Amino acid sequence: MSKSNLNIRQERFCLALAEGLPKSRAYIEAGYASRGNVAEAAAARLFRNVQVQSRIGELQAAAARRSEITVDDLVAELDVMLKLARDTKNPSAPPMAICAHR
């Protein structure tokens with residue numbers, strides 16, 4: 001399900017949730033006019049919307065892929081630094097490896 005199935009406020013709500021905002025705050029940030037318990041109830045109702053749930057899943061999957069790539073990159077850099085430190089028997093060599101690796 002793509003974001004085109006959602007209106008702009010629903011998309012903003014999904015994006016705000018993906019950024020980690022609480023439901024009621026995401027609801028308000030998306031442009032809905034509500035306060036207090038009304039915002040909480042309306043946000044909970046919007047959160048149960050099937051299209052909204054699908055979009056949140058898409059956003060979370062994309063974030064997971066980005067995180068995975070970042071972790072892989074960091075591990076590769078650490079491997080390079082560790083190898084250089086062992087090969088040169090110089091614990092200060094890893095910062096140089098980072099500069100050379102990039």
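Tutor: A residue is called buried when its relative accessible area is under 20%, exposed when over 50%, and partly exposed in between. The model above is predicted.

Student: Where is A44, and is A44 buried or exposed, or something in between?

Tutor: A44 sits in helix α3. Its relative accessibility is 25%, so A44 counts as partly exposed. Its C-alpha atom is 7.8 Å from that of S24, although A44 and S24 are 20 residues apart along the chain.

Student: How does Q60 read on that scale?

Tutor: Q60 has 51% relative accessibility and therefore counts as exposed. Q60 belongs to helix α4.

Student: Which residues of α4 are buried?

Tutor: First the general idea. An α-helix has 3.6 residues a turn, so residues three or four places apart point the same way. In this structure, the buried residues of α4 are V52, R55, I56, L59, E77, M81 and A85.

Student: How are α1 and α3 placed relative to each other?

Tutor: Look at the crossing angle, where 65 to 115 degrees counts as roughly perpendicular. The axes of α1 (residues 8–18) and α3 (residues 36–47) cross at roughly 95 degrees and come within 11 Å. The two helices are therefore roughly perpendicular to each other.

Student: Which residues meet there?

Tutor: From α1 come Q10, F13 and L17, and from α3 come A43, L46 and F47. By class, this contact has 5 nonpolar residues, 1 polar residue and no charged ones.

Student: What does the whole protein contain?

Tutor: The protein has 5 helices and 0 strands, and from the N terminus its elements run α-α-α-α-α. Of its 102 residues, 25% count as buried. Among contacts between residues at least 6 apart in sequence, 43% join residues at least 24 apart.

How values were computed: Residues numbered from 1 in each chain as written. Predicted model: local features only at pLDDT ≥ 70, side-chain atom pairs only at ≥ 80, totals over all residues. Heavy atoms only, no water. Axes fitted to C-alpha atoms, helices over the stretch in contact; angles between N-to-C directions. Helix = DSSP H or I, 4+ residues; strand = E, 2+ residues; numbered from the N terminus. Parallel < 35°, antiparallel > 145°, perpendicular 65-115°, else oblique. Contact = heavy atoms within 4.5 Å. Nonpolar A, V, L, I, M, F, W, Y, C, P; charged D, E, K, R; others polar. Buried < 20%, exposed > 50% of the residue type's maximum accessible area, 1.4 Å probe, protein only.
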